[in-house]
Amino acid sequence: MKFTLGLAQTCHPEDGDVINLVDRVAYEAQEARVDLLVFPESLMTRYERDLGDFLAAAEPLDGEFCAAMNKLAAKHGLWIVYTVNELNPGGKPYNTVVVVDDRGCVQGAYRKAHLFDTDFTRESDRMGKGDRLFEPIDTPFGKIGLGICYDLRFPEAARFAALHGAELMIYPAAWVDGKLKADQWQTLLAARAIENEMFVAGVSRADTGYIGQSCVVDPQGVVIAAGGPAQALVVSRIDTSLIGEVRSRMPVLEHRRPELYL
């Protein structure tokens with residue numbers, strides 16, 4: 001199966017009009033004959049926003065922001081993957097990614113399970129944890145799996161997706177810049193692709209303090225499309241038949257010994 005993937009490596013708009021930004025990028029994606037368009041993490045609400053404002057901005061998945069995004073998917077005839085500051089009535093908002101089809105119908109959603117609590121930031125101060133991994137969904141482009149940013153550092157999520165039939169694993173991200181961070185980003189994307197013999201795509205914000213450098217990696221670990229640090233639409237033609245070829249030569253998933261891994 002062949003299709004065209006677009007990674008919308010964007011900055012958060014200064015005027016806050018995310019819907020207008022998405023509309024403009026979707027027009028560009030149409031011109032490039034993109035079938036599946038992916039936006040980065042922290043799309044709906046800038047992560048750096050004041051905590052009180054950030055919490056107040058959260059919306060449910062049937063709220064105004066998602067309704068507008070879903071309408072744009074139908075308008076442009078694109079499958080779109082986008083991220084939401086999802087209202088959680090019982091606590092802090094979820095960092096959520098949504099998949100909507102080309103008719104504007106939601107096909108799946110995933111709440112980030114691994115929160116980025118490090119020596120300089122604590123995502124858990126403003127976000128709630130998702131409590132399950134995303135089970136891959138069928139699309140016209142094959143089965144896709146989802147993770148968000150920091151999830152990339154946990155190989156179990158990608159392996160779960162592969163074992164449930166994923167042919168493409170997508171990571172919307174706001175990958176923070178810093179020493180070796182860009183190198184780690186590409187290495188981790190390639191590792192997830194190689195160890196699971198599937199396509200892996202990561203799209204990161206391009207704002208100041210984030211790396212951009214979105215890329216698509218094939219099942220052999222080869223980077224087949226990549227962006228620089230600035231805003232860009234990174235386009236990649238994907239042929240999922242390569243997965244079968246790679247797995248027939250080296251059937252890694254068949255060679256697993258799960259009884260030894262507990």
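Visitor: Where does serine 42 lie?
Guide: Welcome! This is a predicted model, and in it serine 42 lies in the loop between β2 (36-38) and α2 (51-57).

Visitor: Why is serine 42 called buried?
Guide: Its relative accessible area is 11%. Buried means under 20%, so serine 42 counts as buried.

Visitor: What is the phi of serine 42?
Guide: Serine 42 has a positive phi of about 65 degrees, although it is not a glycine.

Visitor: Which loop is the place of cysteine 149?
Guide: Cysteine 149 sits in the loop between β7 (142-146) and α4 (155-163). Its phi is positive too, about 45 degrees, although cysteine 149 is not a glycine.

Visitor: How do you know that cysteine 149 is buried?
Guide: We set its value against the cut-off again. The relative accessible area of cysteine 149 is 9%, and the limit for buried is under 20%, so cysteine 149 is buried.

Visitor: Which residues are buried in helix α6?
Guide: In α6, residues 241-249, they are Leu242, Ile243 and Val246.

Visitor: What makes the buried residues of α6 line one face of the helix?
Guide: Look down the axis of α6: its buried residues fall within an arc of 105 degrees, so they line one face. These buried residues pack against β9 (199-204) and β12 (232-239).

Visitor: How many residues line the largest pocket?
Guide: The lining has 20 residues, and Phe116, Phe120, Thr121, Ala174 and Val176 are the ones nearest the pocket's centre. The lining divides into nine nonpolar, five polar and six charged residues. The volume of this largest pocket is about 320 Å³.

Technical notes:
Residues numbered from 1 in each chain as written. Predicted model: local features only at pLDDT ≥ 70, side-chain atom pairs only at ≥ 80, totals over all residues. Heavy atoms only, no water. Buried < 20%, exposed > 50% of the residue type's maximum accessible area, 1.4 Å probe, protein only. Helix = DSSP H or I, 4+ residues; strand = E, 2+ residues; numbered from the N terminus. Arc of directions from axis to C-beta. Contact = heavy atoms within 4.5 Å. 1 Å grid on protein atoms, 1.4 Å probe; cavity = no way out; pocket = protein on both sides within 12 Å on 5 of 7 lines; lining within 4 Å. Points joined across faces, edges and corners; volume = space filled by probe spheres on them. Nonpolar A, V, L, I, M, F, W, Y, C, P; charged D, E, K, R; others polar.
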